[in-house]
Amino acid sequence: MRTVETRSHLGQNGRHIHRDGPSVIEFENVAYSYGNDALLADVSLRLAPGSFHFLTGPSGAGKSTLLKLCYMELMPTRGRLSVFGRDVSGMGRDDIAHSRRRIGVVHQECQFLDHLPLTENLSLPLTVAGRDPSGEAQNLQELLGWVGLKARAGARPPELSGGERQRAALARAVIMDPELILADEPTGNVDWEMSLRLLQLLVELNRLGKTVLIATHDLNFIRAAKSQVPTRVLRISNRSLQLAGADL
Ligand SMILES: Nc1ncnc2c1ncn2[C@@H]1O[C@H](COP(=O)(O)OP(=O)(O)OP(=O)(O)O)[C@@H](O)[C@H]1O
């Protein structure tokens with residue numbers, strides 16, 4: 001693991017995190033409905049800076065929906081949601097875009113531009129943010145090394161294995177040095193060895209001070225994380241959030 005190299009780039013926000021500071025995310029009695037029926041009702045949750053949380057629950061319970069609320073892709077139907085201390089209901093488009101830059105997202109299905117090599121795919125968030133990727137070449141190389149993909153820098157996404165794509169997705173999610181990482185089933189398509197490798201990367205990011213929220217069905221993955229880092233496991237059940245039992 002190339003911890004030292006990576007710290008120079010990824011520790012920038014982490015170093016300043018006060019773990020007892022304002023919540024990164026706070027749900028207060030939040031409800032969300034796609035149609036008439038409430039999918040989530042009365043959800044209250046606080047993610048403290050630097051905390052590591054899992055979100056679990058049956059398929060269709062609303063895990064991805066809750067992550068989308070955190071990323072402000074969806075807005076609560078009822079209740080109050082604050083992201084980095086700001087009530088999302090008062091945010092305009094620019095505020096949302098600004099807050100999103102502080103969040104790195106790893107999706108269930110990694111979306112890449114298939115015609116571009118990996119390095120260019122990874123530097124897209126920089127371009128979107130108006131930064132010149134050529135000035136960040138060193139950071140890009142460090143990130144590729146950190147996720148073990150230096151040798152694959154010129155490969156196009158369809159040439160990558162499932163595990164390589166997941167690690168590339170994680171590298172892309174953290175290229176802007178986010179304070180919060182949201183991962184939706186990051187181990188969905190990879191074997192156990194690769195799951196552990198991804199876990200190691202996520203734990204390392206958390207040790208650099210980043211707040212981590214992972215939605216997963218994979219109880220073994222959760223158990224492996226619990227042996228390495230203090231975590232809280234939340235379960236969506238009956239449309240609300242509960243702390244999972246000590247069996248996990
Ligand atoms: N855009 C949408 N419009 C209407 N219903 C939706 C929409 N997105 C999701 N749903 C429904 O909301 C419910 C929760 O979906 P969600 O993806 O949040 O669950 P999940 O817990 O992440 O599931 P899984 O573990 O299978 O990924 C599902 O019944 C789903 O069909």
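## Meeting the ligand

Let's start at the ligand: one of its oxygen atoms lies 2.9 Å from a backbone N or O atom of Gly62. That is a polar contact, meaning a pair of N or O atoms within 3.5 Å. Side chains take part too: a polar atom of the Thr65 side chain lies 2.5 Å from a ligand oxygen, and a polar atom of the His217 side chain lies 3.2 Å from an oxygen of the ligand. The protein covers 56% of the 640 Å² of accessible area that the ligand has on its own (Shrake-Rupley method, 1.4 Å probe).

Please keep in mind that this is a predicted model, where local features need pLDDT of at least 70 and side-chain atom pairs count only at pLDDT 80 or more, while totals for chains, interfaces and linings use all residues. Residues are numbered from 1 along each chain as its sequence is written, and side-chain values use heavy atoms, leaving out hydrogens and water.

## The shell around it

Residues around the ligand (a heavy atom within 4 Å) include Tyr34, Leu39, Pro58, Lys63 and Ser64. By type, the shell divides into four nonpolar, six polar and one charged residue, with Gly counted as polar. Helix 2 (residues 63-70) gives the largest share, three residues; helices here are DSSP runs of H or I with at least four residues, numbered from the N terminus.

## A look at helix 4

Helix 4 spans residues 118-128, and its buried residues are Leu118, Asn121, Leu122, Ser123 and Leu126 (buried means under 20% relative accessible area, 1.4 Å probe, protein chains only). These buried residues pack against helix 5 (137-146) and helix 6 (162-174), with contact meaning heavy atoms within 4.5 Å. After helix 4 comes Gly130, with a positive phi near 85°.

Terms used
A polar contact is a pair of N or O atoms within 3.5 Å; within protein, one must be able to donate a hydrogen and the other to accept it, and residues adjacent in sequence count only if both atoms are side-chain atoms. Helices (H or I, at least four residues) and strands (E, at least two) are DSSP runs, numbered from the N terminus. Buried means under 20% relative accessible area, exposed over 50%, partly exposed in between (1.4 Å probe, protein chains only).
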